[in-house]
Amino acid sequence: MASGLGAEELRELYERFAPVVHRRALALLGRDADAWDIVQEVFERMLTAGARFRREARPMTYVYRVTTNLCLNALRSRQLREPVLLEAPEAAALTPSQWEAADFIRHLVGRMGERELEVATLHFFDGLTQEEIAGMLDVSRKTIVRDLDSIRKKAAELGRLPEALEAERG
């Protein structure tokens, strides 16, 4: 294979990461069929970018980042196709704060830039610290602080600041 990933290696990666990708995608998208589409796309990316995937110090970082970006893209596309979305997520085993964060992120799609949405997802949904987000996105902590301030301001203007999340994670 051109990517350098053999069939056996890809199978092992699928067994290891597919359940994680599916849970994350289901939680963010709220639909099982859409979550499986994301699983397929993540592994297609691994296959076509095998060398880049192998160079990652922490493969889970690559998987989470690709999954998050694909989910946010799917939410943007869905918003164009289905402007009014009032459904509850399917069978995702979410904590109340994760459900609130996923709802918050779905509401912000189309109202914020790509990096802001990614930062919001990593902070509010995943509960990562500013330092962890900065490391994952390869930017400074100050950049993340500015992004979070901007996200909070925009969310407050929209009347969608998740109070419980702010109290928990500041």
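Q: Is K154 buried, exposed or partly exposed, and what is its relative accessibility?
A: In this predicted model, K154 counts as partly exposed because its relative accessibility is 29%.

Q: What does the side chain of K154 meet in a salt bridge?
A: The partner is E116, and the N to O distance is 3.0 Å.

Q: Where do D126 and R24 lie?
A: D126 is in the loop between α6 and α7 (130-137), while R24 is in helix α1. The two are 102 residues apart in sequence, so the pair ties together those parts.

Q: How accessible is D126?
A: D126 has a relative accessible area of 24%, so it is partly exposed.

Q: What about R24, buried or exposed?
A: R24 counts as buried, with 4% relative accessibility.

Q: Why can side chains like these pair at all?
A: Opposite charges can pair when the charged atoms of the side chains come close.

Q: Back to α1. What does the side chain of R11 meet in a salt bridge?
A: R11 meets E15, with 2.4 Å from N to O.

Q: How far apart are R11 and E15 in helix α1?
A: They are 4 residues apart, which means a separation of about one helical turn.

Q: Which residues are linked with R11 in a network of salt bridges?
A: The network links R11 with E8 and E15.

Q: How accessible are R11 and E15?
A: R11 is partly exposed, with a relative accessible area of 39%. E15 is exposed, at 52%, since the cut-off for exposed is over 50%.

Q: New topic, helix packing. At what angle do α4 and α6 pack?
A: Helix α4 (residues 59-81) and helix α6 (residues 114-125) pack at an angle of about 120 degrees. Their axes are 10 Å apart.

Q: Left-handed or right-handed crossing?
A: The crossing of α4 past α6 is right-handed.

Q: Which residues in α4 and α6 meet?
A: From α4 come R65, T68, N69, L72 and R76. From α6 come E114, L117, E118 and T121. Sorted by class, the contact of α4 with α6 has 4 charged, 3 polar and 2 nonpolar residues.

Q: Where is E100?
A: E100 is in helix α5 (residues 96-108). E100 counts as partly exposed, because its relative accessibility is 25%.

Q: What separation do the C-alpha atoms of E100 and F124 have?
A: They are separated by 9.0 Å, and the two residues are 24 residues apart along the chain.

Q: Last one. Where is G6 found?
A: G6 is in the segment before α1 (7-29). G6 counts as partly exposed, with 31% relative accessibility. The C-alpha atoms of G6 and L47 are separated by 8.8 Å, while the residues are 41 apart along the chain.

Technical notes
Residues are numbered from 1 along each chain as its sequence is written. This is a predicted model: local features need pLDDT of at least 70, side-chain atom pairs count only at pLDDT 80 or more; totals for chains, interfaces and linings use all residues. Side-chain values use heavy atoms; hydrogens and water are left out. Axes are lines fitted to C-alpha atoms, for helices over the stretch in contact, and angles run from 0 to 180 degrees between N-to-C directions. A crossing is left-handed if the near helix is turned anticlockwise from the far one by less than a right angle, and right-handed if clockwise. Contact means heavy atoms within 4.5 Å. Ala, Val, Leu, Ile, Met, Phe, Trp, Tyr, Cys and Pro count as nonpolar, Asp, Glu, Lys and Arg as charged, and the others, Gly among them, as polar. Buried means under 20% relative accessible area, exposed over 50%, partly exposed in between (1.4 Å probe, protein chains only). A salt bridge is a side-chain nitrogen of Lys or Arg within 4 Å of a carboxyl oxygen of Asp or Glu.
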